[in-house]
Structures are given as structure tokens and as C-alpha cells.
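Work through the exercises below with the sequence and the structure at hand. Try each task before reading its solution.

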Amino acid sequence: MRKPVWSMKDLIDLEYFLQRDESDPEEPAQEALAKRDRDIYLRRIRPSWKEKEGLSSTQVIRSWLEERRTIERSADGLKGPLPGEAFADIYRLMGYGFLIVGTLSGGGLAFSLLNYRGTEPLNVSAYLAGLVLSQVLLLLLLAGIRFIRRMRRSPFRGSVVFTLVSALVMRLMVRMKQGALKKLEGSKRGSIEAAAGLIRGRRQVYGSLFYWPVFILSQLFGVGFNLGVLGATLLKVLGSDIAFGWQSTVQFSDQAVFRLVQIVALPWSWLVPADAAYPSLSQIQGSHMVLKEGIYHLATQDLVSWWPFLCLAVLTYGLAPRGILLGMGLMIQNRTLSRVRLDHAACNRLLHRLTTPLVTTQTRLPQTSGPGAAPVDAFQPPEVAARVQKDMLGRRSIVALIPDDIFEAFQKGDLEGVVFKALGCTIGEKLRFGEDMKTDERILHEISRMRQKGALDGLLIVQEAWQPPIRENLGFIQDLRRALGDRAMIWVGLIGRPRQGAVFTQVKEAEWKVWQQKLKALGDPYLGVERLAAHGS
């Protein structure tokens, strides 16, 4: 199988850097980010772009991540690993830990069941029930839950089992990371917490991706458990004289037990010689324990005939399924990683910063050849730049929703230029909303129809920032999300208080923070907020 572009470590580091970049929403900080990322693109990413092959958004983001890691490692004062590296190291240790704990647990349970005192044979029913049947029932239960969830089309993020197990794993990770946290500076101490926050807060973006590490850990425990059971059983058989027998209050006939044993041994009876695959009818008869008769009449060869059958049962119904599930988990995790779509709001902002030329008021053109030449970043008109971005990154136009009271204030072409500057998108259609409830319902119906036809890539909702985000505003955004689907972008474009001859006025920082806080509280990674301001306003 081809190695996926992303790994768990990469995605955690990516989200960590995106989180850091968005932690300071002030305009000077965002302008500095735009300058830094544009420089990374011009100096590191674009030179590797082959004209014939093109450059996908995944390749752009991956190259940016590698450059950010290089910058971070070379920065003065960096102590300790990046969060992705910390996660990978801790997860590796947890894998070894689950395997070892499983081995010790299985070995300990097997030793307790094989505690032979020489007065009566060990009951194979207790061994099979405790070490084989319990595992089969657990696998059937998990398979049933998976089937029901698949029939109901329930997402992994709603799974109670996944939530409980992942919470346990995260608690263990928190305990294991304390030493690493002490090595970090206060400003960087949140790096490993970013890994935990990613798992909790990005399930809508990454779907079942973070289910599989938990699944793999549980299968490692299961593999270790069965290895411990097999090891303990073989040690007891080779190192001591153990007699096995069977008995039951229900009066099963010897023939019925023999048929049951044959059915259990079907998976390996064609491969293993018959005398080792399972006890014969005479051996089953010879190992039948009757309480009032004692054990002195039972033959040794009959009492020791059970142990190969018991080991093969653990191997077939315990170890083999766990090994298969472990391999399946690793395979599906790689397949899920190869299908990761980095199209949520933070990644869209990053791509816009990387691929959008900076607006400059310099009158002298930069030197483009000879010693000291700088990367060219000539400004392009929105129509040209949007076409370049669409060719490189597959972007399409969005639908703009404009409040009724300011709809007529927009001059032709003004909104298009400002939106391209802020989002790197072109506007395909403008719709008026906020007149009355019937108009808003008609817009929701139209949005749903456009989504079903595949003619809608995203929405822009223009809002005046001085008007606080009341419940009706937030409710309308949630209605739009239901009409648009889970993974389409919704942008909220904020403008200041319009004045005569100027619609795109400056947004006050206090108003910006209120809107940003309210929209983040909705927990939608495909909901973004941006300032819409004309250059120089």
C-alpha cells in the first residue's frame, strides 16, 4: 500500500501551528503572518513547483508544515519536542505498554485457571469459558455495535464506546506527558495540550481518523493477552504434570461433547493431525469426571489429551482475530490518512496567505535578477489571481448573502475586490436576506437546492460588526449549515459602521472579538470570520 502523505504526527503539528497563528487576531499580527507565509511560499514552495504537474493544496500545506518545523527547531529557546513528536513518542510507549500489560494480564489469568493441586483434574469448561468464549462474545458484541451504527449511519464521533476509551487514553497520555511539559517554556507549554485538543475538537474535520489509534491500542492489548495465555499454558504443560477433564451438572453425553469439540476444531482440523487437533471420543469418555467416582480410574493419556486443543482454541479464536483486527486497523488508518481533506477554515486562511500576493505601495519595482534578487510578488487583479488560485488549488466561487438594509449600498465590483483580498474567492451570486422570515426561508431552500446540484462551494454572510451577534443571527447561521451540509465553508465577513460613500469601514477590535468568540462557541470548524475592509481603510 502506498504511504499516505500525512501521518498523525503531521496533522497534530499542523493543527498546533494553525492554532498558534490564530491565537492573536489583531490586524498587525495577521499582517505579519501574511508576510511570513508569503515569503515561505515564494522562497521554499513555488521554486519546487513543476509547471507541467501543478501544485495541489495538500502539497502546498505539507511544504509549509515542513518549513515551519524547520523554523521552529532553529528558533532560540525551543526546548522539548513539537506536539506531534510528543504524541508519536507517547503513543509508541503506550503501544509497548498495552502489549506488556496485556501479556501479563493473560498470563496471570491463565496461571490462576491452571492452578493444579493434584486432587482433581482441571475443568476445561472453565478454561474455555474464561479465555476463549469471553473473547468470542466480546468480538461479536463489537461487530454487532459496528453493524448497527453502520445501518443507522451514525458517525464515530457519536460513539459512546469511542468517547469513553479515547478519554481513558487521553488521561493516560496526560499523565505520561508531565515530564515533557516541564521542559517547555511557559509560552510553548500548550503544545502537547494542542494534540489533546485536536483529538477532542476536530472530529468533524477528520472523521474516524482518531478512532483508529484507540482501536489499534486495544488490539495490541488483545494480542498481548492471548500471547500471555498461550505462554502460560505452554509453561504449565511443559513444566508440570497437569490433568484436564470435563464435567457438568447437565448430563451431556460423551457423543454430544465430542461433536461440540469437532465443531470448535473445524478451523484447524484440516491442517493439524487428528490426534492433536482435538481429543478422540474415547479420550473424551476417559476424561469425563464424575464427582462420586473420583479420578483414580481415569487414564493419564486421556487426561493430557486436551492441552493441544486448548492451545489451538486460544490461537484460533483469540490471537488470530486480534492479529487480523490489528492489521486491519493499521490498514484503514493509512487509508483514512490518505483521504484527509484539509479544507476547513484555518487551512483556507493559510492557503490564502500563501498564494495571495501582498499589496504594496512601493513605487520602485524590486530587483528581479542579479545579486540580491528577491522573489517577485507582483500584485495581480482579482480576476487573474483568482484564476491562478483556482488552477492550483481547485477553488471555486461562493455565494454572498447581504443584509437587506445595506444591499443597495454596494457598488458594482467593490465587494468582489474586497472579498478576494480577504478570502481569495470570487463571488458567483449575491442574495439579499433579512427582509422577512419568508425571504430567509426561500434563501435556505435555494441554498439547499444549489448544494444538491453541486453548484455551491461556500457561503459568505456579510454582517455589520457593530451589531452584536444575537440569537437570531446565530440561529440563521445554523440553519444555513443544515442547508449547506457539514463540510462546506461558511464565511462571516464583518464590516464596520457604514458611512456616506464608504461601506467597508474599519472593524473595531472589541466588536471583532465579540463576533469571533460567539462564532467559535458554535464549534463549527468550517465556519470562519474575516474582516472585509478596502485597502487603506
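**Exercise 1.** Is D13 buried or exposed?

*Solution.* The model is a predicted one. Step 1: take the cut-off, which is that a residue counts as buried when its relative accessible area is under 20%. Step 2: the value for D13 is 0% relative accessibility, so D13 counts as buried.

**Exercise 2.** With which side chain does D13 meet in a salt bridge? State where the two partners lie.

*Solution.* Step 1: recall that side chains of opposite charge can pair when their charged atoms come close. Step 2: the partner of D13 is R69, with 2.9 Å from N to O. Step 5: look beyond the pair; D13 and R69 are linked with D10, R62 and E66 in a network of salt bridges.

**Exercise 3.** Describe the salt bridge between R432 and D404.

*Solution.* Step 1: the N to O distance for these two side chains is 2.9 Å. Step 2: R432 sits in strand β4 (residues 427-433) and D404 in the loop between β3 (398-403) and α19 (414-423), so the pair joins parts 28 residues apart in sequence. Step 3: R432, at 24% relative accessibility, counts as partly exposed. D404 counts as partly exposed too, at 28%.

**Exercise 4.** Which parts of the chain does the pair E509 and R531 link?

*Solution.* Step 1: the two side chains form a salt bridge at 3.1 Å, N to O. Step 2: E509 is in helix α22 (residues 509-520) and R531 is in strand β7 (residues 527-531), distant parts of the chain that are 22 residues apart. Step 3: E509 is partly exposed, with a relative accessible area of 24%, whereas R531 is buried, with 13%.

**Exercise 5.** How many salt bridges does a search of the whole structure find?

*Solution.* The search finds 25 salt bridges. Among them is the pair D13 and R69.

Note on methods: Residues numbered from 1 in each chain as written. Predicted model: local features only at pLDDT ≥ 70, side-chain atom pairs only at ≥ 80, totals over all residues. Heavy atoms only, no water. Salt bridge = Lys/Arg side-chain N within 4 Å of Asp/Glu carboxyl O. Buried < 20%, exposed > 50% of the residue type's maximum accessible area, 1.4 Å probe, protein only. Helix = DSSP H or I, 4+ residues; strand = E, 2+ residues; numbered from the N terminus.
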